Amino acid sequence: MILKIEHLGIAVKNLEEANRLFSLLLGKESYKSESVESEGVTTSFFALGESKVELLESTRPDGPIAKFIEKRGEGIHHVAFEVEDIHAMMTKLKNNGFQLLNDEPKRGADNKLICFLHPKSTNGVLVELCQEIR
Ligand code: ZN
């Protein structure tokens, strides 16, 4: 079961500048910054009620975020849905013809297990499933 929109992921060129801009826009400071080396990103989170905004900066020139910005510019990169049971959801979606980008959940930022769905199978939207690590 999908519980809510956990966060929106936004690809940025410069995390420091984007942090300043988004704290001005949202009227609050980022509550956490975290690098996920396996994904080649540094992230910064803003809490907004039930959901969050995640800013993503590439840690290397050939990382997925750098490639995304090269192709499409800065902007919304993915939508993350929180799920109760990521393994069950992955099996269900796979059986319904969605294309998963990984077979097993990976460890993401913010104490989450995550899995991405290929945008080709979701109307061009990169979808992240995430489940809190309990
Ligand atoms: Zn995310």
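A salt bridge is a side-chain nitrogen of Lys or Arg within 4 Å of a carboxyl oxygen of Asp or Glu. These views show a predicted model, in which local features need pLDDT of at least 70 and side-chain atom pairs count only at pLDDT 80 or more, while totals for chains, interfaces and linings use all residues. Residues are numbered from 1 along each chain as its sequence is written, and side-chain values use heavy atoms, with hydrogens and water left out.

**View 1. The salt bridge between Glu82 and Lys4.** The two side chains meet at 3.6 Å, N to O, and the pair links Glu82 in strand S5 with Lys4 in strand S1, 78 residues apart (strands, E, of at least two residues, and helices, H or I, of at least four, are DSSP runs numbered from the N terminus). Glu82 counts as buried because its relative accessibility is 13%, whereas Lys4, at 24%, counts as partly exposed (buried means under 20% relative accessible area, exposed over 50% and partly exposed in between, with a 1.4 Å probe and protein chains only).

**View 2. Salt bridges around Lys112.** The side chain of Lys112 meets that of Glu6 at 3.4 Å, N to O; Lys112 lies in strand S7 and Glu6 in strand S1, so this pair ties together parts that are 106 residues apart in sequence. Lys112 also forms a salt bridge with Asp110 (3.7 Å, N to O), and both Asp110 and Lys112 are buried. Through shared partners, salt bridges join Glu6, Lys32, Glu34, Lys52, Asp110, Lys112 and Glu132 into one network.

**View 3. The largest nonpolar core.** Ten residues make up this core, among them Val83, Leu100, Cys115 and Val127 (a nonpolar core is a set of buried Ala, Val, Leu, Ile, Met, Phe, Trp, Tyr and Cys residues joined through side-chain atoms within 4.5 Å). Helix H3 (86-95), strand S7 (112-117) and strand S8 (127-132) each supply at least two of its residues, and the largest share, four residues, comes from H3.

**View 4. The buried face of helix H3.** Ile86, Met89, Met90 and Leu93 are buried in this helix, and, seen down the axis of H3, its buried residues fall within an arc of 100°, so they line one face of the helix (the arc is that of the directions from the helix axis to the C-beta atoms). An α-helix has 3.6 residues a turn, so residues three or four places apart point the same way. The cover over the buried residues of H3 includes S1, S5, S7 and S8, where contact means heavy atoms within 4.5 Å.
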